[in-house]
Amino acid sequence: MSEHNIDQRKAYVAEVVEKINNSASVVLVDYRGINVEQDTAMRKAMREAGVEYRVIKNSALARAFEQTGNTGYDEYFHGPTAAAFGPESDPVAPCRILNEFAGKTPMTIKCGVVEGKKFDENGIKSLANIPEKPVLLAQLLGLLTSPMRSLAVALSEIAKKSA
């Protein structure tokens with residue numbers, strides 16, 4: 001193997017390491033069976049959510065995961081593998097998008113790392129059900145204002161009866 005090829009491989013692994021280090025999450029999938037139309041729609045959804053999606057060689061992923069301290073993933077580095085890198089603003093975005101498309105296509109979720117924690121396929125699917133941040137904030141606000149609203153209605157009814 002030439003010196004040039006070794007340097008190229010090291011640079012490729014270094015690029016993957018950088019992607020992992022600069023992402024809040026990384027979800028790995030086996031993309032076999034997905035057609036061009038489905039792939040295009042999925043990539044569009046990912047771009048809109050700020051998620052980067054790339055097909056990456058298993059050997060490079062294995063080295064990059066090892067170099068970033070993510071161990072115990074060797075069983076997932078076989079077959080065609082693509083990685084979705086989630087942004088800091090929404091680490092669960094790749095989980096939601098990939099889970100949606102895995103439900104409609106032959107593609108399967110392998111595993112992922114979300115904010116430093118390892119998740120298997122079922123864990124990624126569970127994370128996918130967490131609503132987006134604005135929805136969660138709206139739900140929280142609704143929960144916080146609900147008791148006040150109930151109190152205001154009760155006081156209003158008491159005032160009507162005593163008047």
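Author: Handedness first. A crossing is right-handed if the near helix is turned clockwise from the far one by less than a right angle, and left-handed if anticlockwise. Keep in mind that this is a predicted model.

Reader: Fine. Which hand does the crossing of H1 and H3 have?

Author: H1 passes H3 in a right-handed crossing.

Reader: At what angle do H1 and H3 pack, and how far apart are their axes?

Author: The angle is about 55 degrees, and the axes of H1 and H3 are 9 Å apart. That makes H1 oblique to H3.

Reader: Which residues make that contact?

Author: From H1, Tyr12, Val13, Val16, Val17 and Ile20. From H3, Ala60, Leu61, Arg63, Ala64, Phe65 and Gln67.

Reader: And by class, how do the residues of the contact of H1 with H3 divide?

Author: Nine are nonpolar, one is polar and one is charged.

Reader: What lines the second largest pocket?

Author: Gln8, Arg9, Tyr12, Val13, Lys57, Ser59, Ala60 and Arg63. Helices H1 (3-21) and H3 (58-67) each supply at least two residues of this lining.

Reader: Which helix gives the most to that lining?

Author: H1, with four residues.

Reader: What's the class make-up of the lining of the second largest pocket?

Author: Three nonpolar, two polar and three charged residues line the second largest pocket.

Reader: Back to packing. What about H2 and H4: at what angle do they pack?

Author: H2 covers residues 36-48 and H4 covers residues 93-104. They pack at about 165 degrees, with their axes 10 Å apart. Angles over 145 degrees count as roughly antiparallel, so H2 and H4 are roughly antiparallel to each other. The crossing of H2 and H4 is right-handed.

Reader: Last pair. How do H4 and H5 pack?

Author: H5 is residues 121-128. H4 and H5 pack at about 105 degrees, and their axes are 8 Å apart. H4 and H5 are therefore roughly perpendicular to each other.

Reader: Which residues make the contact there?

Author: Cys95, Arg96 and Asn99 come from H4. Ile124, Lys125, Leu127 and Ala128 come from H5.

Reader: And how many of each class has the contact of H4 with H5?

Author: Four nonpolar, one polar and two charged.

How values were computed:
Residues numbered from 1 in each chain as written. Predicted model: local features only at pLDDT ≥ 70, side-chain atom pairs only at ≥ 80, totals over all residues. Heavy atoms only, no water. Axes fitted to C-alpha atoms, helices over the stretch in contact; angles between N-to-C directions. Parallel < 35°, antiparallel > 145°, perpendicular 65-115°, else oblique. Contact = heavy atoms within 4.5 Å. Nonpolar A, V, L, I, M, F, W, Y, C, P; charged D, E, K, R; others polar. 1 Å grid on protein atoms, 1.4 Å probe; cavity = no way out; pocket = protein on both sides within 12 Å on 5 of 7 lines; lining within 4 Å.
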